[in-house]
Amino acid sequence: MNVRIVCVGKLKEAFFTDACAEFQKRLGRFCALEIVEVADEKAPESLHPKDEDLVREKEGRRILKSIGPKDFVTVLAIDGRQMTSEAFAAYLTEKEAEARPLTFVIGGSLGLSPEVYARANTKLSFSKMTFPHRIARLLLLEQLYRGFKINAHEAYHK
């Protein structure tokens, strides 16, 4: 199965880099994983709403360039569908059967542009809480690993 994660921004802290690298290594048994980091825009706290829209638009264009025309796109969004790990594992099985590349999108600090939402096939939420993109990426990698382990009927530390 081909899995792509498109993220706005780079990991800077070593502990996030190390944790994500560990899950990327573990996932190598289960899927072909690609992580695409697109540049984030500077977004000071005091941006005018129109400037916030411009930031989302610029980041959105970069995201859309990283998505293939046949990809099944899942965006991480606070208003997305929440699932148990078992339901997420079933979701992975369903997507694998469709034989389309599965792309997950993690937006920047201001969220995603309307164009990215329009391209999405579905929205996924880990919680009603908002997480920084670094934590969202780590959570996604961990849940992908957990989902593949569930599907392989292998034990995973709870």
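**Entry 1: the sheet**

I began with the sheet of this predicted model, an open one of five strands in the order S2-S1-S4-S3-S5, with parallel pairing. Strands here are DSSP E runs of at least two residues, helices are H or I runs of at least four, and both are numbered from the N terminus. Two strands pair if DSSP finds at least two bridges between them. I found S2 and strand S5 (122-124) at the edges, each pairing on one side only. From one strand to the next the twist averages 30 degrees.

For the record, residues are numbered from 1 along each chain as its sequence is written. Local features need pLDDT of at least 70 and side-chain atom pairs count only at pLDDT 80 or more, while totals for chains, interfaces and linings use all residues, and side-chain values use heavy atoms, with hydrogens and water left out.

**Entry 2: strand pairs**

I looked up the pairings of S4. S1 and S4 run parallel and are joined by five bridges. Arg4 stands opposite Thr103 in S4. S3 pairs with S4 over four bridges, also in the parallel sense, and Thr103 in S4 is the bridge partner of Val73. I then checked how enclosed strand S3 (residues 72-81) is. Seven of its ten residues are buried, so S3 is largely enclosed by the rest of the structure. Buried means under 20% relative accessible area, exposed means over 50%, and partly exposed lies in between (1.4 Å probe, protein chains only).

**Entry 3: helix H2**

I compared the length of helix H2 (residues 49-65) with expectation. At 1.5 Å a residue its 17 residues should span 24 Å, and the end C-alpha atoms are 25 Å apart, which agrees. The expected span is 1.5 Å times one less than the number of residues.

I listed the buried residues of H2 as Val55, Arg56, Glu59, Gly60 and Ile63. Seen down the axis, they fall within an arc of 135 degrees, so they line one face of the helix. The arc is taken over the directions from the helix axis to the C-beta atoms. The face turned away from the buried side carries the exposed residues Lys50 and Lys65.

The buried residues of H2 pack against strand S1 (2-8), strand S2 (32-38), strand S4 (102-106) and helix H4 (114-119). I noted that H2 lies across S1, S2 and S4 and runs at about 160 degrees to S1. Axes are lines fitted to C-alpha atoms, for helices over the stretch in contact, and angles run from 0 to 180 degrees between N-to-C directions.

**Entry 4: Arg56**

I picked Arg56 from helix H2. Its relative accessible area is 16%, so Arg56 counts as buried. What does its side chain reach at 3.0 Å? I found the backbone oxygen of Leu110 there. This is a polar contact, a pair of N or O atoms within 3.5 Å; within protein, one must be able to donate a hydrogen and the other to accept it, and residues adjacent in sequence count only if both atoms are side-chain atoms. Apart from neighbours within four places in sequence, Arg56 is in contact with Leu110, Gly111, Leu112 and Ser113. Contact means heavy atoms within 4.5 Å.

**Entry 5: helix H3**

I repeated the length check on helix H3 (residues 85-98). Its 14 residues should span 20 Å at 1.5 Å a residue, and the end C-alpha atoms are 20 Å apart, which agrees. Ser85, Phe88, Ala89, Tyr91, Leu92 and Lys95 are buried in H3. They cover an arc of only 155 degrees around the axis, which puts them on the same side of H3. Glu86 and Ala97 are exposed on the face turned away from the buried side. The buried residues of H3 pack against S3, S4, S5 and H5. Just after H3, I noted Ala99 with a positive phi of about 55 degrees.

**Entry 6: two residues of H5**

I looked up Gln143 in helix H5 (residues 133-151). Gln143 counts as buried, at 16% relative accessibility. Its side chain and that of Glu142 are joined by a polar contact of 2.6 Å. Beyond neighbours within four places in sequence, Gln143 is in contact with Ser85, Phe88 and Phe126.

Leu141 is also in helix H5. Is Leu141 buried or exposed? I found Leu141 buried, with a relative accessible area of 0%. Outside four places in sequence, its contacts are Ile5, Cys20, Phe23, Gln24, Leu27, Leu33 and Ile35. The C-alpha atoms of Leu141 and Gly111 are separated by 19 Å, with the two residues 30 apart along the chain.
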